[in-house]
Amino acid sequence: MKIISTVDELKNYLKGVDGSIGFVPTMGALHDGHLSLIKKAKEQNSFVVVSIFVNPTQFLAGEDLDQYPRKDEADKKICQLAGVDVVFFPTPDEIYSVDEVSLQAPHIRGYVLEGMTRPGHFSGVLTVVNKLLNIVNPTRAYFGKKDAQQLNLITLMVKQLFMDVEIVPVDTVRESDGLALSSRNVYLTKEQRAEALKISSSLYEASKMVSQGILDVSKIKEEMLKILEGLEIGYVEILNRNFEVIKEVEVTQSIVLVEVLIGETRLLDNIWL
Ligand code: AMP
């Protein structure tokens with residue numbers, strides 16, 4: 001496995017690669033969720049690149065940029081064991097210069113939900129993903145459904161900018177008790193972790209109601225809010241796959257999304273119905 005930290009070296013190295021390239025962008029502190037993206041990339045491509053870059057432009061002032069878990073050595077080992085071919089480990093200065101061109105998320109999809117609670121976040125995400133895709137020029141790039149709004153915006157960006165890459169969505173990996181894996185879970189105390197289980201319980205309840213034929217969005221949200229009681233809620237929404245508001249769940253076309261703040265920790269989860 002090769003570890004590369006400059007754009008020029010990575011571009012040069014990839015010039016010599018034959019066959020398809022699968023790309024998995026991450027912010028590191030790798031867990032089994034990231035691994036399932038890497039595994040899928042391995043299955044579908046002859047060469048796999050993972051980037052580890054805590055992207056400063058997607059953090060708002062006062063967020064956890066400085067505290068964000070960094071586990072560089074462990075991450076390299078995980079990538080090696082997973083059969084990754086190249087890990088790209090750039091510094092912020094390598095990716096950003098002083099007078100920057102940046103992408104702006106579209107208002108309707110980028111400034112609702114997480115875009116509303118974290119204004120500017122998705123513009124930072126799109127800017128860095130655009131840069132990384134231009135550097136790696138992969139055949140396919142892998143993103144988790146866990147960050148559903150991010151996945152939706154990236155898919156839109158790739159389409160609208162006529163970028164030649166296939167965006168592959170990957171299912172959310174959970175702990176056996178339902179908690180969605182996230183690098184930020186390490187911030188949770190034992191008690192907070194137990195509280196966090198309300199998130200997946202509320203999503204399972206939504207799914208159960210839909211399977212019983214209850215499709216009314218406000219009824220489902222009401223039950224979810226009961227389960228989430230006691231938590232500081234960022235949003236609970238049921239939308240169609242274009243992130244538009246709906247009154248009735250359209251089966252196979254809807255997403256239920258939850259964001260809560262537990263202590264200082266923001267946790268996201270969703271379920272695709
Ligand atoms: P991050 O390092 O948090 O920026 O995540 C990098 C990629 O891993 C993103 O595409 C995430 O959506 C994806 N990801 C994060 N957590 C999970 C999970 N529990 N299951 C599947 N994919 C995930």
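Me: In which helix is the place of Gln-149?

Reply: The model is a predicted one, in which local features need pLDDT of at least 70 and side-chain atom pairs count only at pLDDT 80 or more, while totals for chains, interfaces and linings use all residues. Residues are numbered from 1 along each chain as its sequence is written, and side-chain values use heavy atoms, with hydrogens and water left out. Helices (H or I, at least four residues) and strands (E, at least two) are DSSP runs numbered from the N terminus. On that numbering, the place of Gln-149 is in helix H8.

Me: Is Gln-149 buried or exposed?

Reply: The classes are set by relative accessible area, with buried under 20%, exposed over 50% and partly exposed in between (1.4 Å probe, protein chains only). Leaving aside residues up to four places away in sequence, Gln-149 touches Arg-109, Gly-110, Val-112, Leu-113, Glu-114, Gly-115, Phe-122 and Phe-243, where contact means heavy atoms within 4.5 Å. Because its relative accessibility is 3%, Gln-149 counts as buried.

Me: Which backbone oxygen does the side chain of Gln-149 reach at 2.9 Å?

Reply: A polar contact is a pair of N or O atoms within 3.5 Å; within protein, one must be able to donate a hydrogen and the other to accept it, and residues adjacent in sequence count only if both atoms are side-chain atoms. A polar atom of the Gln-149 side chain lies 2.8 Å from the backbone oxygen of Arg-109. At 2.9 Å, the side chain of Gln-149 reaches the backbone oxygen of Val-112.

Me: What is the area buried between domain 1 and domain 2?

Reply: The domain assignment, which is automatic or from a database, gives domain 1 (2-170) and domain 2 (183-268), and their centres, taken over C-alpha atoms, are separated by 26 Å. In this pairing, 21 residues of domain 1 are in contact with 16 residues of domain 2. Buried area is the accessible area (1.4 Å probe) that two parts lose on being put together, summed over both. Carbon and sulfur atoms give 57% of the area buried between domain 1 and domain 2, which is about 1500 Å².

Me: How many residue pairs are in polar contact between domain 1 and domain 2?

Reply: A salt bridge is a side-chain nitrogen of Lys or Arg within 4 Å of a carboxyl oxygen of Asp or Glu, and between domain 1 and domain 2 the count is one salt bridge. The side chains of Asp-64 and Arg-184 meet in a salt bridge with an N to O distance of 2.8 Å. For polar contacts between domain 1 and domain 2, with both residues at pLDDT 80 or more, the count of residue pairs is seven.

Me: What does Ser-183 reach with its side chain at 3.4 Å?

Reply: Ser-183 is placed in the loop between strand S6 (166-170) and helix H9 (190-211), and it is buried, with a relative accessible area of 7%. Not counting residues up to four places away in sequence, Ser-183 touches Gly-28, Ala-29, His-31, His-34, Tyr-68 and Pro-69. What its side chain reaches at 3.4 Å is the backbone oxygen of Gly-28.

Me: Why are Lys-76 and Glu-73 separated by about one helical turn?

Reply: The side chains of Lys-76 and Glu-73 meet in a salt bridge at 3.2 Å, N to O, and Glu-73 is exposed, with a relative accessible area of 52%. The separation is about one helical turn because Lys-76 and Glu-73 are three residues apart in helix H3 (residues 72-82).

Me: How many residues apart in sequence are the parts that Asp-177 and Arg-193 tie together?

Reply: Asp-177 forms a salt bridge with Arg-193, with the closest N and O atoms 2.8 Å apart. Asp-177 lies in the loop between S6 and H9 and Arg-193 in helix H9, so the pair ties together parts whose separation in sequence is 16 residues.

Me: How many salt bridges does the count come to?

Reply: Among the linked residues, Glu-63, Glu-114 and Arg-118 are joined in a network of salt bridges. Lys-145 and Asp-171 also meet through their side chains in a salt bridge, at 2.9 Å, N to O. By the rule given above, the count of salt bridges comes to 15.
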